[in-house]
Amino acid sequence: MKLCGIIAVITLGLSGCATTNSAPTTSSVANGTIKTASLCDANKEQNPSITPIIRVEPKYPVKAAKAGLGGYVIMDFDVTKNGKTSNIRVTESYPSDLFVSAAKASLSKWLYKPAVEDGKTVASKCLNVRLDFRLG
């Protein structure tokens, strides 16, 4: 009964979710995991001054909740000099692409404290995050 209430709340939250689409470069599927070659592997930034100041939790997909499924999505992204996420690219997801839309919609709403160089805010490229989806 508790799951029915959760699903009802999730359903209301799903209306109006926007996603950012990007074409994968190379992808492979193994054991339900989709992996896409990252465009950032060689030059990922590890800047400790880049920290999220607003994190919007992803909406749990109704289909996944009804089936009792969990999973994850790993994404590369950039942060503009205004702290907004951009160029969101999925590099791995499990199972399949079940959680991709919810993960991208969530990350697109995050806001970061941008990096500062010479007293000015600057954009950061090739950051990485993993969002896990678990029930209860």
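**Notes on the predicted model**

1. Val129 is in contact (heavy atoms within 4.5 Å) with Val73, Ile74, Met75, Phe77, Leu107 and Trp110, leaving aside its neighbours within four places in sequence. Residues are numbered from 1 along each chain as its sequence is written. The model is predicted, so local features need pLDDT of at least 70 and side-chain atom pairs count only at pLDDT 80 or more, while totals for chains, interfaces and linings use all residues; side-chain values use heavy atoms, without hydrogens or water.

2. Val129 also belongs to the largest nonpolar core, which has 22 residues; among those with the most contacts inside it are Val73, Met75 and Phe133. Such a core is a set of buried Ala, Val, Leu, Ile, Met, Phe, Trp, Tyr and Cys residues joined through side-chain atoms within 4.5 Å, buried meaning under 20% relative accessible area with a 1.4 Å probe, protein chains only. At least two residues of this core come from each of α2 (62-67), β4 (71-79), β5 (85-94), α3 and β9 (124-133).

3. Thr85, in strand β5, is buried, with a relative accessible area of 12%. Its side chain reaches the backbone oxygen of Leu107 at 2.8 Å.

4. The mean pLDDT (the predictor's confidence in each residue, from 0 to 100) of the protein is 79, and 71% of its residues reach 70 or more. Confidence is lowest in helix α1 (residues 2-14), at a mean of 31, and highest in helix α3 (residues 100-107), at 98. Over residues 1-25 the pLDDT is below 50. Where pLDDT is low, the predicted coordinates should not be read in detail.

Key. Helices (H or I, at least four residues) and strands (E, at least two) are DSSP runs, numbered from the N terminus. Buried means under 20% relative accessible area, exposed over 50%, partly exposed in between (1.4 Å probe, protein chains only). A polar contact is a pair of N or O atoms within 3.5 Å; within protein, one must be able to donate a hydrogen and the other to accept it, and residues adjacent in sequence count only if both atoms are side-chain atoms.
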